[in-house]
Amino acid sequence: MTQGAIAVGDRIHIITRRLFAEDLRRHFAGEVTAIAGDLAEVRGYAFVFNAGTNEYRKRPELRTRLFSLGHAGYIVTKMPRDVSLEDMQYRTVDKRLVVTDGREFTLDINEFGAWN
């Protein structure tokens with residue numbers, strides 16, 4: 001029996017792909033709390049792009065969301081399990097947008113996906 005790439009307890013960063021330029025830019029970072037097939041229950045924080053300030057804003061409330069990880073509408077990046085979700089924030093570093101917990105974890109972000 002093979003295990004999936006994502007397991008309960010993993011921390012993931014999810015970018016919702018935009019279909020149109022005016023679509024809301026939404027990201028989510030959280031911990032996987034349950035899995036059923038390609039459906040994952042993730043508890044964490046939503047980040048939404050604010051065009052007025054040209055930055056991503058973290059919603060303060062902890063949320064639980066369901067994601068179909070097999071769906072092409074999401075770009076999913078697995079993060080280290082010790083990433084501090086509470087401290088995650090977006091910053092511009094060397095003219096690149098990154099999300100970081102202010103410790104050791106930093107993830108480069110671009111409009112076409114994310115890479116380490």
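**Entry 1: ring pairs**

Before looking for aromatic pairs, I noted the rule: rings of Phe, Tyr and Trp (its six-membered ring) pair if their centres lie within 6.5 Å, with planes under 30 degrees apart counted as stacked, over 60 as edge-to-face and the rest as tilted. I also kept in mind that this is a predicted model, where local features need pLDDT of at least 70, side-chain atom pairs count only at pLDDT 80 or more, and totals for chains, interfaces and linings use all residues. Residues are numbered from 1 along each chain as its sequence is written, and side-chain values use heavy atoms, with hydrogens and water left out.

How many aromatic pairs does a search of the whole structure find? My search turned up five. I looked at Phe47 and Tyr90: their ring centres are 5.0 Å apart and their planes stand at 65°, so I wrote the pair down as edge-to-face. Phe47 belongs to strand β3 and Tyr90 to strand β7 (residues 89–93), so this pair ties together parts that are 43 residues apart in sequence. Phe47 and Tyr90 are both buried; buried means under 20% relative accessible area, exposed over 50%, and partly exposed in between (1.4 Å probe, protein chains only).

**Entry 2: charges over rings**

Next I looked for charges over rings, which requires NZ of Lys or CZ of Arg within 6 Å of the ring centre and within 35 degrees of the ring normal. Arg25 lies over the face of Phe49, 4.3 Å from the ring centre. Lys58 does likewise with Tyr45, at 4.2 Å from the ring centre.

I turned to strand β1 (residues 11–16). Six of its six residues are buried, so β1 is largely enclosed by the rest of the structure. I checked each face: Arg11, His13 and Ile15 on one side are buried, and so are Ile12, Ile14 and Thr16 on the other.

Which strands pair with β1? Pairing needs at least two DSSP bridges between two strands. Strand β2 (residues 26–36) runs antiparallel to β1, joined by five bridges, and Ile15 has His27 as its bridge partner there. Strand β6 (residues 74–79) is also antiparallel to β1, with six bridges. In β6, Thr16 is partnered with Tyr74, and Arg11 with Met79.

I zoomed in on His13, which sits in β1. His13 has a relative accessible area of 0%, so it is buried. Its side chain makes a polar contact with the side chain of Tyr90 at 2.8 Å. A polar contact is a pair of N or O atoms within 3.5 Å; within protein, one must be able to donate a hydrogen and the other to accept it, and residues adjacent in sequence count only if both atoms are side-chain atoms. I also listed what His13 touches (heavy atoms within 4.5 Å), leaving aside residues up to four places away in sequence: among them are His27, Thr77, Tyr90 and Val99.

Is Thr77 buried or exposed? At 11% relative accessibility, Thr77 counts as buried.

**Entry 3: nonpolar cores**

I reminded myself that in soluble globular proteins, nonpolar side chains tend to be buried together. A nonpolar core here is a set of buried Ala, Val, Leu, Ile, Met, Phe, Trp, Tyr and Cys residues joined through side-chain atoms within 4.5 Å. The largest one has 16 residues, of which Phe47, Met79, Met88, Val99 and Phe105 touch the most other members. Two or more residues come from each of β3 (39–50), β6 and β9 (106–110), and β3 gives the most, with three. Apart from this core I found another, of nine residues, including Ile6, Ile12, Ile14 and Ala46.

**Entry 4: Leu97**

Last, I visited Leu97 in strand β8 (residues 96–100). Leu97 has 27% relative accessibility, so it counts as partly exposed. Leu97 and Ile109 are 12 residues apart along the chain, and their C-alpha atoms are separated by 5.5 Å. Not counting residues up to four places away in sequence, Leu97 touches Tyr56, Tyr90, Arg91, Leu107, Asp108 and Ile109.

Technical notes. Helix = DSSP H or I, 4+ residues; strand = E, 2+ residues; numbered from the N terminus.
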